[in-house]
Amino acid sequence: MVEADPLPLVVRDLSFQYRSRTEPAIVEISLELHPGEIMLLAGSSGCGKTTLLRCINGLIPHSYRGKLSGEILLYGQSNAGMKLAEISQKVGTLLQDPERQILGSYVLNEVCFGLENLGLPREEMIRRGEAALERLHILHLRDKETFGISGGEKQKVALAGVLAMQPKILLLDEPLASLDPASAHEALHLFRELADQGMAIMLVEHRVEDVLTIEPERIVYMEDGRICFHGDIQGLVQVVDYHRIKLPAQVVVERAKAEPQPNFEPAVPPLDTNNPLIEFQQVHFRYNDDAPEVLHNINLKIHAGEVIAILGHNGSGKTTLVKQALGLLKPTKGKVFLEGVETHTLTVAKAARTIGYVFQSPSQMLFAPTVKEELSFGPKNLGFDQETIARNVQWAIETVHLEDELLTPPLALSFGQQKRVSIAAVLSMRSRILMMDEPTAGQDYWNYQAFMDSILQMPGFDSIIFITHDLDLALIYANRIIVLNDGVIVADGKPVDVLQDRQKIKQWRLVATSLLELNFQMYPKTGKFLRAEALAQFMD
Amino acid sequence: MEEKKKLWGFETKQVVYAAIGAALYAVLAIATNMLQLPGAGNVSFRPAVAIPMFFGVAFGPIVGFITGFVGNILADLLSGYGFWLWWDLGNGLLGLIPGLIYPTIESYRASKSIWRAEIFVVLGSLIGMGLASISEMWVSGADMNTVIFANFLPAFISDVINGLILVPLLMIAYAAIVERSGRD
Amino acid sequence: MLVSWRYKYRNSPMDHIDPRARWIFSFAFLIAATSTWNWIFLLTYFIIALIWYRLGNTTWKETRSGWRLVLFMLFMMIVINTIITGGGAGGVVPPGGQLVWPNGFKLFGETVHFGLTIERIWFAFCQVLRILGISMNFILIPYTMDARSYGATFSSLGMPDKLAYTTELAIRFIPSLARNFSVTMDAQRARGFELDDIKGGIFNKIARMAPLIIPVTMNAILSSEDIADAMDLRGFGQGKRTWLYELRYHRWDYIVLGFSALLAIGGLVASYVFHMGDFIVPQFFYNLFA
């Protein structure tokens, strides 16, 4: 009898509870991974995905303590007795945020970090480091500074650092979270390439729709620390809650037919094209005299009643553009008007009365000891009187439904709550326009729709503008889409007109989604773009 | 936490805190130099000194020392000011001395902890800036009076005031996030 | 806010000296220069420092910010030390001495008696030589030392790996934190916060830094958990590590090392064994005031 080679990874009856918690993070997990296979591990945040990965790569129990039971076999050998340095040569882990994983100032230094720790001689390090870069087709980045390269490149450099350790198993923890759609697809195809070379890959992701394009061999779905489903895609779509993870639009429509769908209307006033709130006149911008121009001849009018999505890939100039409106940056050439006043003559504090700008990450602005003080900060800076401040704070906190947390430190709240506090902190200034940078970043699918729904239905704004690279977000919520590519406005108009040409979408480094396709099919019946659940009522 | 805090531990976690602290101190020192607090007179005010003090209190004396020592070196290197070992060591002590109370702290928002931190902030500034100033006598040949008026007092007063105000604010903010890490 | 390293490769002689030899030389210089107040020694050291500084091929334009600071400090100290407090300098300059204006001088019709002595002027000159000599050694470093070299150099000079690596990691996070600071600054400005519009006394002004300092600091602390994970997962701190940065002594490096030893030991021996390091004022200087 011939004995089969042991599998790269076998997990049996694995449970873990963190020392400081009262509930276990994962319960009786069993699964196996074959060489050359990609396993998609799907689930919303808090489902235990990250804990499972930490058990496999040894961070549990080496760096995180708690109650651990069950076993993990790497090529037939239990990982319990192995040192982290030993495990790291069998199991490579790519963490969610490459910014926090990259440890070297220069690309080759980063790629060789693990090899330095193994104490390898220099020639060996350089050989292995270059081979890893070559394998990911990024050898040209070898001597670049890690700080200056793009997000997609950072992801690949971090992966090269993991591959240089020559693992046979790869754990990828939400690797698409910080990438724009085109870079995400590139990364996915790279993962497939690695699997085809024999790597066993476990891919944790809640953007299920995107991952399906590379046809993972196995799909595991987790909820509340347990595996609820293990099988193929057909099986998955029948089992899971489509609100929790993002499935292809056709599937959602099928499933949603059976359920009643609430009607959704944004709360902005009717369109008024007479008095533009913001106006850009031939705006050009460069950061300094030596730097290249990043915005070219921008002409734009924004009116009350508009919900605008500014679409574009990472680095296309979206954020630079909206910063001009607030006066955080001033045009090098051309003019920007805010309610008819040129921004050159305005302080940012004055401009903030017109535009409330919510930054991408709430932790970049939260500082006060209580939510109440956090919300009063803006109106106080704007010089409002005590009574107005108290009234605004009350209104803002009620609008985001966090009345009970008024005396909690904002830093102690969950990410989703912090995000709402950061919106409320802008609401309390009672600006006329709400402007948001990547409003759904860092939130999983479960939170992100509910979050956008509630913002769009908030009273008090004449216009809402958001920056995103997520096409679905733009087509569901916006009544006008502006596409920015390399600092130029390449399209501006109604969603149905702007997104008509799929070839152009590709050129803009965006990705057409199944929801977009379905919406075009249904357009004769619907007359407007809708979310998948809402499309269901138009199906026969 | 049930386990006792180790005063002098230096594992991966401390390496990261020390490195992040040093980088932060350097960046904030340069940033606040550029902002130039108005009305502070001829005393060069550096609110960033609160960083090594706070990192000492939050993560122990070694982290505090490296934050101040390496941070000051990096700030000087980045500004092109060169390398001044005795002032770097003095900045290290700004963080090390408040770091001595690290094992005694249970809650970062308790007024007991804050008072204790404040006392050690004063001590740290006194010893740290005192040492750096005295070494100036040996290096530059200045006399005691000169050292006191030209070096010690401006540095000491600025560090103490900034530390006394900002360290408690940082401690209170930190109290809100301290429970969020699951790592040992 | 843009924070960038001032280092650039300029194919200067300094670029070809091993960083370890350079650090050793500069510390040897520091030891030698601080062991004497004899102007002949100080002048010799000053010339050595000048030659060393020239090896770096830096330009005035790039180094002037550093020099401005050093010259300002030097000026302040000399003015206070020489003119105001009448510097005894820890017993280096003996009390008494020859007054520059023994009979006082006339200012606005009044006779002013001012105790400036010739010895103190000469001592100020010695201070300038010493401080400029030391400054030339250390101001050179940021412009001519590769930021990638620090970890490997310190480790090779005997610093524990973990400590040496800390400097490397700190360097890695400087640009990220500088960017985070800018973002926080913008985010707070978007909430109407203005730094130049700070009202109230000095205490208020400092407390108003909180909205900038707190988010940047707490964010940095929150990200350190992931960073530590990333390091552990790649085997950090579990054995003796090697460094990608290549350090190699060449023939000329041994000359630098030998010269450093000579400088430090020679300086110490001359001062503390043969007592040649005492402060003396040369006769020609007295003659100038005769």
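Helices (H or I, at least four residues) and strands (E, at least two) are DSSP runs, numbered from the N terminus.

## Basis of the model

This is a predicted model, in which local features need pLDDT of at least 70 and side-chain atom pairs count only at pLDDT 80 or more, while totals for chains, interfaces and linings use all residues. Residues are numbered from 1 along each chain as its sequence is written, chains are lettered from A and ligands numbered from 1 in the order in which they are written, and side-chain values use heavy atoms, with hydrogens and water left out.

## The interface of chains C and B

Contact (heavy atoms within 4.5 Å) joins 74 residues of chain C to 67 residues of chain B. About 6000 Å² is buried between chain C and chain B, and carbon and sulfur atoms give 80% of that area; buried area is the accessible area (1.4 Å probe) that two parts lose on being put together, summed over both. Of the area that chain C buries against chain B, C:Ile206, C:Ile213 and C:Ile221 supply 10%, more than any other three residues.

The interface of chain C and chain B holds 1 salt bridge, a term for a side-chain nitrogen of Lys or Arg within 4 Å of a carboxyl oxygen of Asp or Glu. A salt bridge links the side chains of B:Glu11 and C:Lys162, at 3.4 Å from N to O. On the side of chain C that touches chain B, the elements giving two or more residues are helices H1 (19–33), H3, H4 (118–144), H6 (161–189), H7 (202–207) and H8 (210–232) of chain C. H8(C) gives the most to that side, with 17 residues.

## Helix H3 of chain C

C:Met73 lies in helix H3 (residues 60–84) of chain C. With a relative accessible area of 41%, C:Met73 is partly exposed, since buried means under 20% relative accessible area, exposed over 50%, and partly exposed in between (1.4 Å probe, protein chains only).

## Two residues of chain A

A:Gln364 is located in the loop between strand E16 (355–358) and helix H15 (371–381) of chain A. A:Gln364 is buried, because its relative accessible area is 14%. Leaving aside residues up to four places away in sequence, A:Gln364 touches C:Val183, C:Thr184, C:Ala187, C:Pro215 and C:Asn219.

A:Lys525 belongs to helix H22 (residues 514–526) of chain A. The relative accessibility of A:Lys525 is 45%, so A:Lys525 counts as partly exposed. A:Met452 stands 73 residues from A:Lys525 along the chain, and their C-alpha atoms are separated by 25 Å.
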